[in-house]
Amino acid sequence: MPEGHRPAIYSIAAHRGFADALVAGLVPRYADPETGLARLTLLLPSTRAKRTVQDAFIRQFGESGSAGMLMPRMVAIGDLDLDEALGSLLDPLGANDVPPACDPTYRWLRLAGLLQQHLPDRVPEGSALFRYAGELARTMDRLLAEEIAPEELLGDRVLDLFEKDLAGHWQTSLHTFATVQQHWLAELEQRGEVDPAQRRNLLFRRAARRWQAEPPVTPIVAAGVTSAAPALAQLLRVVAHLPQGAVILPDLDLSLAPEVWADLGVAGAPDEPGAPPFGRGDAVTHPQYHLKVLLNRMGIAREEVRPWHRRGLAAADPDRSHALSNLFLPPEASRTWVGLAPERRRLAGVRLVEAANPDAEAQAVALLVREALEEPGKRVAVVTPDRSLARRVSSHLRRWNVVADDTAGRPLSQSAAGRLFLMLAELAGEQAAPVPLVAALAHPLVRMGEARGDWLNALRAFELALRGPRLEAGLEPLGAVAEKAQVAQWWDEVALTLAPLMALHDAPLADWLDRLVELGEALCGEALWAREDGRALARFVDDLREQARRVGTVLARGDVHPVLRDAMEQVAVRPPYGGHPRAAIYGLLEARMARADLVICAGLNEGVWPARAATDPLLAPAVLRALGVPGAEFRIGLAAHDLAAMLGAPEVVLTRAGRDEAGPTIPSRFLLRVQALLGKDLLERHTDTTATAWASAIDRAERAPRYARPKPMPGAEQRLVDVSVTALDRLRSDPYQFYAASILRLKELDPLDAEPTPAWQGQLAHTILEKWHDGEGTLTALAAQELAAMDAHPLTRALWRPRLLKALEWVEQTIAEDPSRMPFKWERWGEMHVRGVRVFGRIDRLDRGDDGSFVVIDYKTGKPPSGKQVKNGYALQLGTLGLIVEAGGFKGVSGEARGFEYWSLGKSKESDSGFGFVTTPLKLGNKRSGVEPDMFLPEAKRYLDEALDQWILGDHPFTARLNPDAPGYATYDQLMRLDEWMGREE
């Protein structure tokens, strides 16, 4: 086909609105009274673009009053970023001269196997190996899209870098990549397959040759395609030279000065043969740079591109395109802003909004959408690369029953079905650890329907009994928990369901998937697959299972969850149709070619829009540049082009958050350019604070009255409760805590999988010492027996056992060193009645001396109370126990209590074992603090009477934090709403 005539290549300016302007020009140019547009073939960049153009045709027909006509055949080029396939026009069933493509999932798993087989010492293990294989596959696709042959990795340019400038780790990565690629390509050749990216190139080349040799008799128009891949650029060149062909580019700036266009750099067309196709000084972050690369690879000069003169329904003022041209000038050229005429920087209709944080930004955006929908026929689009922000906006819009789901979708791993699947994998990996076990069994999809109520009742009872330190791994120890919770029958059914999955250890990935599917269906039935996320999960599992069987991938138990999670992160679950017809939320890829009357560009912070430039983990930037692959900053230019296209709308709002969860944010470089172009005076007029004011006011309520310090006043009958020796300390230091624990009887729940607390450790030590004193065995044997009986997690036992044995060794040694006294009673309960109030407690140990007097001993696993605490009446346990001893409250005990000691099992420099020391609250010998021995029990009696008179038998309020300096616990801080009044007391 001759190429002597001028190519039919056009550009639609940003202010015209690409899809609507495209349709407005195609209808009069190609419509036929009888066949409509059926003879026209449109090549579009993606499946999403097909829907966008279809909507534009419908709007065009509605606006013109036309009865409608047959629409053109639309063929997707297929966006690699969206994992889309080519349309049937470019990939027909009869393309037997092009080898089939290997399955991407098979390639990922096989590359992991090749890495493990040929380079076991260089690559990570477990789930990290599969992440590495995924990165390797992406790098291969990147090179294939640019048609970089494998042998070029060993070309002169790369070898020169390898010998001179390449760091050691980059050399290792390059060698790893080249080695694995060599083995992979040999395997592909043996099977007669090619990589998917290579097959795309072959199909593009095939179509270009066919159309060039035999031009189609019907029109072919490529619209909105901006990928600069060499094979695709060649196809577009052929289309532009077809007799009935045309290429229509989005937002190519035809008004850019020639010297500025030249300043963009080499852009794939070096002046000298053999020179690098991308220079170090190339302006790769400029929004026009990728279009210059495309034109250079097409062999078409910018001067040959003609403007598309039709405008869309939602077109903006033409001055907007002039302003956008100046907005993104390269640094040197942007000096012309100083003398720029007002009409050349005009951004009428553009507003800037800055919110305090992402949630305030989402609320402000939702309010702007809601306001726009009040105008009949007005369309609004929210565009953001931040999927978390998009979900927040969607959630806020549901306040007004506006359904505008994020069309970019959400990862399968974050969907309901995907989360359940991952929970079950985590449950297997952690061998029925408490948190994943309860989370999986409580998932909303489990036992949906009438039976769910009974299921949750049993699960809640089981969870209450399961709280505390983690038990030994596996299902067997959980049977005793179910017995304790009185849900043994329910647990038997659950355990039987979980057993097949828990039985696997190192197994083929396909077997893991089989067991996970079986368990998921056993728990959820058809509900697991019923919605769009379930259907996406089914497709994911079927594909992964099939390819895993082909490859023979084997995974250890602990690797299943992270491998599946990483794979599911790459699968997008898009919402079904049926949302609001005039509101949409897009990602950057989905927003291309879309247009609305109001476009809200949200998340304009550095690291979000544009995203951080991620360096290829396998090939050094210098290697990629030498090979002719655009650098990581290339995508910043694409993000700039996306923003420029959005700025062409009639009304535009640019929003950002001043802070996020990590701290203060940096405004996007694009937003800073907008502010700089406007200048100080115009910036104030374009800044909009109304939306953020609405956002802060929408949930604003009347100021709540100040919450006063709680001072509950129960009645006399409610006050008359038994008082334990430990609760007495709490009553004196913080009466509210006594009120909550002893009168309201509110007990603190241990969290699931709790860290072993001092109370847990103390209980263990008390049990061992009690049995030792009873003569049931040696301390070492009893410690091993009790640790095993508690079914504690092996790690917990391993960490606590050595310390416990050293402390117990000290106890045994210390008792043996003092023959003047012997243990008389231990772990015994006693009580006395004081004016009708029962005071009770358990004594850890009671020693009897040669003179018949007693020593009261309290074991502590932590730090004992200080002398000051005892003197102030906040640690009365020993003294109150001494009063019970002298009152005959312990069976078989009669005599005086003269000694009072704390035996701490904590660390001690003075102990031979390194653990254990004795201290007393009495002021003995050279001690400077403490209570005089003859005053200890009288003081304890005085404090006891005072407490009973004021709170148990009296009418004093149970004031929260009555003595703020006294030691206490934070158990009831939330109940007393401590933070609302602490420090504001009157």
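Visitor: Which ring does the charged end of Arg 29 sit over?
Guide: The ring of Tyr 10, with 5.3 Å to the ring's centre. A charge sits over a ring if NZ of Lys or CZ of Arg is within 6 Å of the ring centre and within 35 degrees of the ring normal. This is a predicted model: local features need pLDDT of at least 70, side-chain atom pairs count only at pLDDT 80 or more, and totals for chains, interfaces and linings use all residues. Residues are numbered from 1 along each chain as its sequence is written, and side-chain values use heavy atoms, with hydrogens and water left out.

Visitor: What sits over the ring of Trp 903?
Guide: The charged end of Arg 845, 4.1 Å from the ring centre.

Visitor: Now ring pairs. How many aromatic pairs are in the whole structure?
Guide: A search finds 18. Rings of Phe, Tyr and Trp (its six-membered ring) pair if their centres lie within 6.5 Å; planes under 30 degrees apart are stacked, over 60 edge-to-face, the rest tilted. Take Tyr 10 and Trp 308: their planes are at 85°, so this pair is edge-to-face, with centres 5.5 Å apart.

Visitor: Where do those two sit in the chain?
Guide: Tyr 10 is in strand 1 (residues 9-12), and Trp 308 is in the loop between strand 6 (306-307) and helix 11 (319-327). They are 298 residues apart, so the pair links distant parts of the chain. Helices (H or I, at least four residues) and strands (E, at least two) are DSSP runs, numbered from the N terminus.

Visitor: Is Trp 308 buried or exposed?
Guide: Trp 308 is buried, because its relative accessible area is 4%. Buried means under 20%, exposed over 50%, partly exposed in between (1.4 Å probe, protein chains only). Tyr 10 is buried too, at 11%.

Visitor: What about Tyr 736 and Tyr 739?
Guide: They form a tilted pair, 5.9 Å centre to centre with 50° between the planes. They are 3 residues apart in helix 29 (residues 735-743), so about one helical turn separates them.

Visitor: Which residues do ring pairs link into a cluster?
Guide: Trp 455, Phe 462, Trp 490 and Trp 491.

Visitor: New topic. What does Ala 372 touch?
Guide: Leaving aside neighbours within four places in sequence, Ala 372 contacts Lys 378, Val 380, Arg 582 and Leu 598 (heavy atoms within 4.5 Å). Ala 372 lies in helix 12 (residues 358-373). It is buried, because its relative accessible area is 3%.
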